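Dear colleague,

I am handing over the structure below, and after it I set out what was found. Please read the notes with the model open beside them.

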Amino acid sequence: MVSSELKMRVAQNCPGYRNVYPSFTSNILSNESCDSCANYVRGKCIKDLFDEIKKNISIN
C-alpha cells in the first residue's frame with residue numbers, strides 16, 4: 001500500500017496531475033494527491049507516471 005505522504009509528493013511533481021475537484025476550494029480536498037487525480041483509477045496511475053516519478057523523488 002502506498003502512503004498518503006508519498007501520493008502527495010508524487011502528485012506535486014507529476015506533469016499529468018489533473019485534479020478531479022478543480023472548483024472545490026477546501027484545503028482538505030484541494031491538496032494535490034494521487035487520490036484526487038483524474039488519472040489515478042483503482043489505486044493505479046492510468047498514465048503510468050507514478051513509478052517513474054516515485055523513482056525520481058527517491059533519487060533527489
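Which pattern does the protein chain follow when read along the sequence? The protein chain follows α-α-β-β-α, with three helices and two strands, where helices (H or I, at least four residues) and strands (E, at least two) are DSSP runs numbered from the N terminus.

This is a predicted model, in which local features need pLDDT of at least 70 and side-chain atom pairs count only at pLDDT 80 or more, while totals for chains, interfaces and linings use all residues. Residues are numbered from 1 along each chain as its sequence is written, and side-chain values use heavy atoms, with hydrogens and water left out.

On the helix packing: the axes of helix H1 (residues 4-12) and helix H3 (residues 50-59) come within 9 Å and cross at roughly 95°, the axes being lines fitted to C-alpha atoms over the stretch in contact, with angles running from 0 to 180 degrees between N-to-C directions. H1 is therefore roughly perpendicular to H3, a term that covers 65 to 115 degrees. Leu6, Lys7, Arg9 and Val10 in H1 meet Phe50, Ile53, Lys54 and Ile57 in H3, contact being heavy atoms within 4.5 Å. The residues of this contact divide into five nonpolar, no polar and three charged (Ala, Val, Leu, Ile, Met, Phe, Trp, Tyr, Cys and Pro count as nonpolar, Asp, Glu, Lys and Arg as charged, and the others, Gly among them, as polar).

Buried residues make up 28% of the 60 residues in the protein chain, where buried means under 20% relative accessible area, exposed over 50% and partly exposed in between (1.4 Å probe, protein chains only). Leaving aside neighbours within four places in sequence, Tyr40 is in contact with Lys7, Cys34, Asp35 and Cys45.

Arginine 42, in the loop between strand S1 (40-41) and strand S2 (44-45), has a phi near 55°, a positive value in a residue other than glycine, and counts as exposed at 84% relative accessibility. Aspartate 48, in the loop between S2 and H3, has a positive phi of about 60° although it is not a glycine, and is exposed, with a relative accessible area of 56%.

Best regards

Definitions and conventions:
Angles under 35 degrees count as roughly parallel, over 145 as roughly antiparallel, 65 to 115 as roughly perpendicular and the rest as oblique.
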